[in-house]
Amino acid sequence: MHTIFQTDEILRLIVSHLANSSSRFATQWTGTPTRYGSTTFYSGSLGPMERKSIAKLARTCRTWEEIALDALWKEIPTVEPLFGLFPPSCLSSAHRHENVQFTRPLVPSDWTRFHYYSPRVQRITLLDTRYSRWTVDFKTFLSLSHFHPGGSILPNLQHWAWDTHRGAGDIVGGMCFLSSSVTSIEVTLGHTTSADTLFGFVYNLPMRCPHLQTLALCYNDRDWPDWSLEATMTALQSIFGLLPKLKRLSLPFFMDTPPFISHVGCIPGLLELTIGCPEKLVGAFVDDDSDEALVGIPTGPDNEVLFEDLASVTLQSTMSSCFRFLRRFSSRNITSMHLTVLHLRSSSQLTECVTLIALRCPRLKNFNIQYTPAQHDVSFDTSYFSLTTLKPCSELEELSIGHPRVAPWTDDEVLEAVRCWPRLRALRLNPRPSRMIKEPKLTLRTLWNIVKWCRHLETVRFFVDTSIIPPLNELARDDFQQLTTTDPPSGTISQGSYTTGVPPSLGAAAIKGSNMISLVDFGISQRNESSTQELATFIATLCPLAQVQGGEQWREVATILRVNQATRLEDQKKIDILRAEVERLMSLLGPRASIATI
């Protein structure tokens with residue numbers, strides 16, 4: 001074997017490319033960076049084919065064995081492979097099916113093979129028992145803890161995931177794998193989760209994992225959670241304050257009482273907060289906001305500072321529950337906000353919520369709000385908020401709004417809002433309403449406005465009325481007249497970034513489009529069949545590189561645009577070839593050709 005293959009970093013680079021076949025032809029890979037010595041490699045979850053390939057590589061020779069085994073055992077999908085490392089005489093005959101048990105006490109020689117592989121394990125992902133009946137008996141975990149020679153069972157474990165709802169075993173028993181090296185924990189609860197086991201897990205968490213940075217407690221079940229789960233977590237709410245290095249926290253939707261929020265908000269250095277609800281329970285909420293004050297009335301002590309360092313928020317619950325959190329955020333550095341509102345108590349709550357966010361989050365960059373009405377509040381699904389409410393968020397880069405009904409926004413309202421967001425990269429204005437009871441008020445003039453004012457925009461999605469296609473010359477002439485009589489608003493882009501100083505007789509060829517926009521999605525917008533070519537010309541002039549998406553009737557427009565883009569690309573190649581030929585001839589003729597050209 002060549003000596004180059006005896007270099008550790010080169011071997012690990014080869015294995016990392018083998019683990020992800022797409023990285024062989026790419027310069028970057030969206031995986032988790034892992035540093036070996038002075039070189040950084042990327043690694044991610046292995047699929048069945050990748051695991052087979054790396055297993056074959058590990059059996060090639062001793063030079064490849066260690067590095068291939070490190071990649072193969074770095075992340076295991078379940079704890080089942082760990083029990084396969086013990087001698088068959090230790091396990092019951094059904095160890096590959098149900099109820100894994102040890103048939104005898106473990107002796108030191110039984111741990112030899114286990115200790116060879118266990119230091120390589122860094123991640124245990126969620127157990128998926130939809131295709132396997134494999135489970136572990138509670139006494140088996142006790143045997144591991146009792147008979148282990150000493151130290152941590154998995155000394156280099158960093159991420160631990162456990163699914164109590166799908167039969168991964170007792171959550172307290174599974175804690176035998178936890179140690180001080182664990183920095184990320186993900187636990188999925190169900191209505192069958194015992195309150196005693198949850199108590200034991202949460203109570204022992206600060207002692208087992210003092211360096212924990214990410215904690216996700218999720219609820220995923222079709223049935224409503226038992227009240228004892230909420231009571232248990234409420235009783236142990238002070239435990240979260242004993243995790244000083246906690247940066248990311250995810251909690252189930254029923255943990256939203258004001259006292260619990262106050263304890264969680266006191267965690268120093270908390271950057272990300274997620275309150276999640278399973279889609280199976282959407283529409284089954286019974287909202288109660290009797291413990292919450294009205295909008296505008298302060299809640300809690302005036303000197304109470306909660307969530308001071310928060311930067312990212314994801315809330316999926318009722319509007320009253322969202323208010324309980326939003327009114328207690330003291331951080332002014334929140335840059336990402338994702339809201340999924342599952343229930344309204346009045347038609348004005350949506351406006352009040354967005355107003356509160358605009359005032360509390362001046363540095364907001366990503367805002368995503370999705371309203372999903374329950375069966376008992378369909379009468380409120382016509383409530384909307386004005387886009388101008390978000391004008392104070394001048395650093396906004398992504399805005400996504402989902403609603404079951406058609407938005408009542410107008411072209412002027414969208415224009416007034418986007419003029420305050422010069423950094424906007426993605427704009428999604430409810431492109432696919434589920435219940436269309438009226439026609440949209442937005443026209444193609446909105447596309448003209450956002451192309452002119454948002455020079456960094458990449459994605460546009462909105463529901464638009466395309467029955468009238470405005471002439472580009474008239475749009476340019478109207479904007480030129482307004483530009484000569486009014487000044488652009490403060491805090492927006494300068495006049496030189498769009499069509500300025502041009503005569504009123506502006507031609508379509510002189511209109512400056514946007515080469516940044518790559519996607520224009522009109523959703524379920526209707527269009528006039530007789531204006532296909534005219535509509536394609538309008539879009540191609542403003543967004544020459546964009547792909548058009550929508551319903552079936554937008555396929556013809558998308559085809560015309562793709563043909564135009566291909567033709568333009570071929571023309572550009574011919575121009576580049578002619579330019580290179582001219583430069584070659586000029587270099588042959590010497591200085592005289594340059595003087596003659598001048």
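**Exercise 1.** In this predicted model, determine how strand 10 (residues 312-317) is joined to strand 11 (residues 336-341) and which way the two run relative to each other.

*Solution.* Begin with the bridges: strand 10 and strand 11 share six of them, and the two strands run parallel. Next, locate a facing pair of residues; Leu315 stands opposite Leu339 in strand 11. Finally, follow the chain from strand 10 to strand 11: the path passes through helix 11 (residues 319-326), and this β-α-β crossover is right-handed.

**Exercise 2.** Describe the packing of helix 13 (residues 411-418) and helix 14 (residues 445-453).

*Solution.* Two quantities are required, since a pair of packed helices is described by the angle and the distance between the axes. Here the axes of helix 13 and helix 14 come within 9 Å and cross at roughly 10°. Angles under 35 degrees count as roughly parallel, and therefore helix 13 is roughly parallel to helix 14. The residues in contact are then listed: helix 13 contributes Asp411, Val414, Leu415 and Val418, while helix 14 contributes Arg445, Thr446, Asn449, Ile450 and Trp453. Sorted by class, the contact of helix 13 with helix 14 comprises five nonpolar, two polar and two charged residues.

**Exercise 3.** State how many salt bridges are counted, and identify the parts of the chain that the pair Asp70 and Arg120 ties together.

*Solution.* The count comes to 11 salt bridges. In the bridge between Asp70 and Arg120, the closest N and O atoms are 2.6 Å apart. Asp70 belongs to helix 3 (residues 62-73), whereas Arg120 is in the loop between helix 5 (112-117) and strand 4 (123-124), so the pair ties together parts that are 50 residues apart in sequence.

Methods:
Residues are numbered from 1 along each chain as its sequence is written. This is a predicted model: local features need pLDDT of at least 70, side-chain atom pairs count only at pLDDT 80 or more; totals for chains, interfaces and linings use all residues. Side-chain values use heavy atoms; hydrogens and water are left out. Two strands pair if DSSP finds at least two bridges between them. Helices (H or I, at least four residues) and strands (E, at least two) are DSSP runs, numbered from the N terminus. A crossover is right-handed if, with the strands pointing away from the viewer, the path from the first strand over the helix to the second runs clockwise. Axes are lines fitted to C-alpha atoms, for helices over the stretch in contact, and angles run from 0 to 180 degrees between N-to-C directions. Angles under 35 degrees count as roughly parallel, over 145 as roughly antiparallel, 65 to 115 as roughly perpendicular and the rest as oblique. Contact means heavy atoms within 4.5 Å. Ala, Val, Leu, Ile, Met, Phe, Trp, Tyr, Cys and Pro count as nonpolar, Asp, Glu, Lys and Arg as charged, and the others, Gly among them, as polar. A salt bridge is a side-chain nitrogen of Lys or Arg within 4 Å of a carboxyl oxygen of Asp or Glu.
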